[in-house]
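Which contacts tie parts of the chain together?

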Amino acid sequence: MDAIVAQSRQSIEVGSKSFAKAAQLFDARTRDSVHLLYAWCRHCDDVIDDQEAGFNTGGPLGTPADLQVRVARLRAETLAAYRSEAEEPAFLALQRVAAEHAIPQSYPLDLIDGFAMDASGQHYETIEDTLAYCYHVAGAVGVMMAMVMGAREPAVLQRACDLGMAFQLTNIARDVIADAGVGRVYLPARWLANEGLAATPEVLGRP
């Protein structure tokens with residue numbers, strides 16, 4: 001096991017024990033690729049959410065301007081990885097897994113667009129708006145994971161996308177209060193209005 005794979009494996013073992021356990025079901029080559037892809041996704045998420053290995057550091061989120069700078073840096077470093085010019089471990093991990101499995105750069109960039117939605121404080125008026133967010137932050141990951149496992153048929157990739165989005169909808173339902181606490185509301189504003197609620201962190205964050 002080389003250094004990049006070893007570091008990526010450590011990332012998944014610290015950041016998601018359930019994901020790490022599930023990865024053990026794969027053959028060694030696929031498992032290494034899962035570790036590489038996870039390491040990049042985890043790094044990007046941590047950068048945007050001021051986390052370490054998926055855990056809150058206790059500090060406030062960056063300012064909108066600061067978050068936009070972070071998004072731009074993630075996008076630039078991701079594009080560098082696709083030019084085989086990565087330098088940091090997480091982007092070296094992406095560079096390798098993308099090359100080995102011919103993952104189009106559109107999918108990593110779609111994920112970063114999802115982080116940009118968080119950074120900009122995106123408003124979600126309809127369920128279609130929320131589903132678009134779910135595609136960017138989870139559906140695209142589902143597609144990349146399916147590609148790592150060897151899938152290429154459009155129908156299979158669509159189902160992988162749907163599964164990722166379903167996971168994200170579950171997270172949204174679970175974390176309504178926690179998300180509101182950091183100024184994020186993913187529930188459709190129209191749904192909340194039908195219940196006489198305002199789609200604001202102040203309303204949803206109340207105990």
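In this predicted model, arginine 184 and aspartate 118 meet side chain to side chain in a salt bridge, at 3.9 Å from N to O. That value falls inside the 4 Å cut-off for a salt bridge. Arginine 184 sits in the loop between helix H9 (176-181) and helix H10 (189-194), and aspartate 118 belongs to helix H6 (residues 106-119), so the pair ties together parts that are 66 residues apart in sequence. Both arginine 184 and aspartate 118 are buried.

Side chains of opposite charge can pair when their charged atoms come close. The whole structure holds eleven salt bridges. One of them joins arginine 96 to aspartate 2, with the closest N and O atoms 2.8 Å apart. This pair, too, links distant parts of the chain. Arginine 96 is in helix H5 (residues 89-101), while aspartate 2 is in the segment before helix H1 (3-15), 94 residues apart. Arginine 96 is partly exposed, at 33% relative accessibility. Aspartate 2 is partly exposed as well, at 34%.

Arginine 83 bridges to glutamate 85, and here the closest N and O atoms are 3.1 Å apart. Glutamate 85 is partly exposed, with 45% relative accessibility.

For cysteine 134, the nearest cysteine sulfur is that of cysteine 161, 10.0 Å away. Cysteine 134 is buried, at 0% relative accessible area. Cysteine 161 also counts as buried, at 8%.

Note on methods: Residues numbered from 1 in each chain as written. Predicted model: local features only at pLDDT ≥ 70, side-chain atom pairs only at ≥ 80, totals over all residues. Heavy atoms only, no water. Disulfide = S-S within 2.5 Å. Buried < 20%, exposed > 50% of the residue type's maximum accessible area, 1.4 Å probe, protein only. Helix = DSSP H or I, 4+ residues; strand = E, 2+ residues; numbered from the N terminus.
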